[in-house]
Amino acid sequence: MNCIEARRMVAPFVKKELSEKETEQFLRHIEHCSECMDELDIYFTVYKALDTLDSGTHQEYNFQKMMKEELRAAKRSILIRRTFRIFRRVILVLTELLLVISLYTGIEMKMGEMKPGTFHRAIHSLSAGKKKDTGGITDKEIPEATEKTSETETTKQTEISKQTEISKPTETPEK
């Protein structure tokens, strides 16, 4: 930003009519340009003095201090908005990640491919190197738990197939 553009923004800045991006550019420029800072100081003093005269209160004011507070407030506002935007993006990314994981798990469950412990192993692999509470299951117990579950499933499937064979009506040959 050059001095001509900055001087055009003095009045809108004092009247708080600049966008966040324009305010940020303006503040960056006047930090390094003493001439534009002087221009802001003069306009701010005149504007605030006329404003106090219009309000009817005749007190002494420190316009320099008021201007510095106004500049600090503008910088703080920009910083808060920027932080909020970053926080919002992080939350959005985390939400999308959780959605993808839940969709993947749902698809596995729907297709019948998910074995107990699959989701647990996925979470465990994400936290590799970090010790987390895994519900009392250690690394050594995960394969054992999966094997036990597979054996149980196999037994159940065998029982179901036996029941279906028993319940099938026997066909009698037609004469």
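Before selecting anything, one term: a residue is buried with under 20% relative accessible area, exposed with over 50%, and partly exposed in between, using a 1.4 Å probe and protein chains only. This is a predicted model, where local features need pLDDT of at least 70 and side-chain atom pairs count only at pLDDT 80 or more, while totals for chains, interfaces and linings use all residues. Residues are numbered from 1 along each chain as its sequence is written, and side-chain values use heavy atoms, with hydrogens and water left out.

**Stop 1: the whole chain**

Show the cartoon view. The protein chain has 7 helices and 0 strands, so named because helices (H or I, at least four residues) and strands (E, at least two) are DSSP runs, numbered from the N terminus. Along the sequence the pattern reads α-α-α-α-α-α-α. Of the 175 residues in the chain, 18% are buried.

**Stop 2**

Select α5, residues 63–111. How far apart are the end C-alpha atoms of α5? They are 72 Å apart, which agrees with the 72 Å that its 49 residues should span at 1.5 Å a residue. The expected span is 1.5 Å times one less than the number of residues in the helix. Buried residues in α5 are Phe63, Met67, Glu70, Leu71, Ala74, Ile78, Thr105 and Glu108.

Now colour α3, residues 20–32. Its 13 residues should span 18 Å, and the end C-alpha atoms sit 19 Å apart, which agrees. Here the buried residues are Glu20, Thr23, Phe26, Leu27, His29 and Ile30.

**Stop 3: the aromatic pairs**

A pair of aromatic rings is described by the distance of the centres and the angle of the planes. Rings of Phe, Tyr and Trp (its six-membered ring) pair if their centres lie within 6.5 Å; planes under 30 degrees apart count as stacked, over 60 as edge-to-face and the rest as tilted. There are 2 such pairs in the structure.

Select Phe13 and Phe26. Their ring centres are 5.0 Å apart with planes at 35 degrees, so this pair is tilted. Phe13 belongs to helix α2 and Phe26 to helix α3, so the pair ties together parts 13 residues apart in sequence. Are these two buried or exposed? Phe13 is buried at 7% relative accessible area, and Phe26 is buried at 0%.

Then pick Tyr43 and Tyr47, a stacked pair with 6.2 Å from centre to centre and 15 degrees between the planes. Both are in helix α4 (residues 34–55), 4 residues apart, or about one turn of the helix. An α-helix has 3.6 residues a turn, so residues three or four places apart point the same way. Tyr43 is partly exposed at 28% relative accessible area, and Tyr47 is partly exposed at 30%.

**Stop 4: the nonpolar core**

A nonpolar core is a set of buried Ala, Val, Leu, Ile, Met, Phe, Trp, Tyr and Cys residues joined through side-chain atoms within 4.5 Å. The largest one here has 17 residues, and Phe13, Phe26, Leu27, Ile30, Leu40 and Leu71 touch the most other members. Helices α2, α3, α4 and α5 each give two or more residues to this core, with the largest share, 4 residues, coming from α5.

**Stop 5: the largest pocket**

On a 1 Å grid over the protein atoms alone, a cavity is a set of points where a 1.4 Å probe fits but cannot get out, and a pocket is an open set with protein on both sides within 12 Å along at least five of seven lines; lining residues have an atom within 4 Å of a point. Grid points are joined across faces, edges and corners, and a volume is the space filled by probe spheres set on the points.

Which residues lie nearest the centre of the largest pocket? Select Phe13, Lys16, Thr23, Ala74 and Ser77, which are among its 14 lining residues. The space in this pocket comes to about 220 Å³. Two or more lining residues come from each of α2 (10–14), α3 and α5, and α5 gives the largest share with 6.

Stay on Lys16, in the loop between α2 and α3. Lys16 is exposed at 62% relative accessibility, and its phi is near 60 degrees, a positive value in a residue other than glycine. Most residues other than glycine have a negative phi.

**Stop 6: back towards the start**

Find Cys33 in the loop between α3 and α4; it is buried at 13% relative accessibility. Cys33 and Ala6 are 27 residues apart in sequence, and 9.7 Å apart in space from C-alpha to C-alpha.
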